[in-house]
Amino acid sequence: MRYLLRPCWLIGLCLIVAAACDAGTPEAPPVAAQAQRPSAAQGEPTAAPPVLVAIGSMPSPRAAHSATRLRDGRVLIAGGCVADGCEEGIADDAILFDPVSAGFSPAGKLVQPRVGHRAIALADGSILLFGGWTRTGVTDLVERYAPETGRFEAQGRMLEPRDGFSATLLADGTILIAGGYGDGMRRLASAERYEPATGRSRSAGSMSEPRMSHTATLLADGRVLVAGGSRSGNEVLATLEVFDPTTNAFTPAGSLARARHKHAAIAMGDRVLLLGGASIPEADGHFADSEWWSADGIATGPRMAAGRYKFLDSLVRLADGSVLVAGGGARAGVLAADGSKFTPVGERIGQQLAFATATALDDGRILVAGGYDPDIRVSREAWLFSPATRTDNAHPTSTN
């Protein structure tokens with residue numbers, strides 16, 4: 001049956017009734033505005049709230065694509081699923097977003113159609129695309145987008161085909177690729193380090209257990225924290241491990257308070273916040289809680305307004321240290337710079353969009369693009385998020 005060819009992480013562990021997997025907790029309704037707000041005292045700066053504005057449609061719908069900022073400020077949106085259901089219609093092309101015109105334009109054909117791949121921006125300005133699901137199964141092909149030519153070219157292969165894996169740029173310029181699943185939906189514990197200069201991969205050992213739909217977060221000291229994921233179609237993991245580039249090995253790093261997969265993570269100082277996700281069956285609900293990992297162990301984190309999952313690529317750090325959380329729900333939220341709380345953004349995206357992307361632009365705004373709704377209808381919509389700004393209300397001092 002064609003359902004057996006579905007990428008497991010994309011629809012929800014190969015369940016035939018996909019819509020049930022995406023039925024999450026609805027976003028909370030808008031908080032009623034106060035009837036009156038006190039005016040700012042003379043000379044006291046005030047904050048303009050963050051704004052999320054729809055900017056129209058992409059040339060084609062996209063979900064589980066990649067969106068990567070180029071050095072000239074444009075955003076490369078590559079691959080993804082372009083047809084409702086995400087069973088067919090895997091994109092073989094890319095588009096470019098221009099923040100000056102707020103418009104989209106074609107960016108050529110990929111070497112291979114792919115969805116659920118990982119993208120890494122290199123110091124030379126080029127973009128690498130790794131693995132993912134193709135029209136015939138999982139791929140090991142790596143391809144490179146060169147902005148100077150506007151073309152995609154093959155750039156070697158991983159040691160094995162992977163989907164549902166993680167890719168992390170390390171301090172030495174190599175890329176750690178870990179876990180996922182390969183041929184026959186077999187979960188992988190193996191890892192490898194890809195060298196962009198040569199287009200070759202070498203073994204980076206193995207994690208303590210196979211996992212897919214996990215997170216891999218670069219730490220301040222250059223190590224990588226791997227968290228959660230699923231080991232099989234009925235087992236979600238709480239375990240943590242750390243990869244050390246100097247020893248090329250993984251070591252256990254404790255466990256989360258809650259097993260979770262298809263969650264998100266972001267480093268904040270010497271801590272990592274792990275948030276959202278789901279257990280199995282996913283239809284039981286998506287998590288709204290979060291937890292902190294640090295060298296001291298696990299601690300409870302702030303709670304989101306509603307459960308989210310499948311939002312790995314829609315977290316972006318803002319200039320003031322706060323974090324935009326844009327995907328997985330009908331409304332975006334902002335995590336305070338001190339990690340203490342989430343504040344919903346006033347405007348609504350309007351639907352819970354899984355596998356959307358959020359990409360920081362040079363001027364501080366964020367491009368939010370695509371995703372699919374709980375019925376796996378793929379969106380072509382895009383939005384621009386503008387962070388809160390402060391204005392000075394001070395009046396000139398009288399000299400009389």
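1. The model is a predicted one. Of the 44 residues lining the largest pocket, Arg118, Ala119, Leu312, Asp313 and Leu315 are the closest to its centre.

2. Several strands give two or more residues to the lining of the largest pocket: E3 (66–69), E7 (118–121), E11 (166–169), E15 (215–218), E21 (264–268), E25 (315–317) and E29 (357–360). By residue class, the lining of the largest pocket comprises 22 nonpolar, 15 polar and seven charged residues.

3. One disulfide is present in the structure. Its partners are Cys81 and Cys86, with sulfur atoms 2.2 Å apart. Cys81 has a relative accessible area of 0% and is therefore buried. Cys86, at 3% relative accessibility, also counts as buried.

4. Strand E15, already named for the pocket lining, belongs as well to an open sheet of four strands, ordered E15-E16-E19-E20 with antiparallel pairing. E15 and strand E20 (249–255) are the edge strands; each has a single partner strand, so one side of each lacks a neighbour in the sheet. On average, neighbouring strands of this sheet are turned by 25° against each other, direction ignored.

5. Within this sheet, strand E19 (residues 239–244) pairs with E20 in the antiparallel sense, over five bridges. Phe243 stands opposite Phe250 of E20. In general, the strands of a sheet pair through backbone hydrogen bonds, either parallel or antiparallel.

Notes: Residues are numbered from 1 along each chain as its sequence is written. This is a predicted model: local features need pLDDT of at least 70, side-chain atom pairs count only at pLDDT 80 or more; totals for chains, interfaces and linings use all residues. Side-chain values use heavy atoms; hydrogens and water are left out. On a 1 Å grid over the protein atoms alone, a cavity is a set of points where a 1.4 Å probe fits but cannot get out, and a pocket is an open set with protein on both sides within 12 Å along at least five of seven lines; lining residues have an atom within 4 Å of a point. Ala, Val, Leu, Ile, Met, Phe, Trp, Tyr, Cys and Pro count as nonpolar, Asp, Glu, Lys and Arg as charged, and the others, Gly among them, as polar. A disulfide is a pair of cysteine sulfur atoms within 2.5 Å. Buried means under 20% relative accessible area, exposed over 50%, partly exposed in between (1.4 Å probe, protein chains only). Two strands pair if DSSP finds at least two bridges between them. Axes are lines fitted to C-alpha atoms, for helices over the stretch in contact, and angles run from 0 to 180 degrees between N-to-C directions.
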